Amino acid sequence: MDFLDPQLDAYVVANTEKEPEILAKLNRDTNLNVLSPRMLAGHFQGRTLSMISKMINPKHVLEIGTFTGYSAICLAEGLQAGGSLHTIDINEELQSMIERYLDEAGIADKVHLHIGNAMDIVPTIEGNFDLVYLDADKDNYANYYDMVFDRVNPGGYIIADNVLWSGKVLENYDSLDLDTKSLVDYSKKIQDDPRVENVLFPIRDGLMIARKK
């Protein structure tokens, strides 16, 4: 994910809003105590997600892939008054940690945590969404997109993380592993979908942003 020169990356971070205290605490906790801490959104991407959410000002948000709750907290910063965020993760071992930080962030009443398989859980959540954030199993990105698309309000957004996959997406397609192929296929699916406008941001590991027409 280190696409920028380290000094330039440091300059970008230095000129980005400071990481909120609760998120800095969660960042440290994740890096010290959780396997694969690289999955955390982190300071720069977190502030990006917060800014995007504030621009959209969504009423209802769906996140597929909670990890330790960092991105959920960031996305919740842009919620309208009375809005809600549903976040889903399959790892029940992280549930208590997520709930603790949602409580410390003061948003436990706005964020609904679901533990289990997103393909089973999403149909049980009522209503439509203004913003959907995908950051879970890569081989299901296309399935998640298809499942939620009709429930995204016109003018709403579907954002997918990791679409650059540390640059692996540039390698010969036939030699790619399943996750990388799935991400290449996902980006092509969005690019070819006339129902959306899209842009791929080279932020950290890549954010594909699709706006439903």
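**Asn15 sits in the loop between α1 (6-14) and α2 (21-33).** The model is predicted; local features need pLDDT of at least 70, side-chain atom pairs count only at pLDDT 80 or more, and totals for chains, interfaces and linings use all residues. Residues are numbered from 1 along each chain as its sequence is written, and side-chain values use heavy atoms, with hydrogens and water left out. Helices are DSSP runs (H or I, at least four residues), numbered from the N terminus. Asn15 counts as exposed because its relative accessibility is 55% (exposed is over 50%, with a 1.4 Å probe and protein chains only). Its side chain reaches the backbone oxygen of Tyr11 at 2.9 Å. Phe44 lies 29 residues from Asn15 along the chain, with 9.8 Å between the C-alpha atoms.

**Helices α7 (residues 141-149) and α8 (residues 178-191) cross at roughly 35 degrees.** Their axes come within 9 Å (lines fitted to C-alpha atoms over the stretch in contact; angles run from 0 to 180 degrees between N-to-C directions). From α7, Tyr141, Ala142, Tyr145 and Asp146 meet Leu183, Tyr186, Lys189 and Ile190 of α8 (heavy atoms within 4.5 Å). The residues of this contact divide into 6 nonpolar, no polar and 2 charged.

**The largest cavity holds about 50 Å³ of space.** The structure has 1 cavity of 30 Å³ or more (a set of points on a 1 Å grid where a 1.4 Å probe fits but cannot get out; lining residues have an atom within 4 Å of a point). Among the lining residues of the largest cavity are Met39, Leu40, Phe67, Tyr70 and Asp135. The lining has 5 nonpolar, 5 polar and 1 charged residues, with Gly counted as polar.

Key. Helix = DSSP H or I, 4+ residues; strand = E, 2+ residues; numbered from the N terminus. Buried < 20%, exposed > 50% of the residue type's maximum accessible area, 1.4 Å probe, protein only. Polar contact = N/O pair within 3.5 Å; in protein donor to acceptor, adjacent residues only side chain to side chain. 1 Å grid on protein atoms, 1.4 Å probe; cavity = no way out; pocket = protein on both sides within 12 Å on 5 of 7 lines; lining within 4 Å. Points joined across faces, edges and corners; volume = space filled by probe spheres on them.
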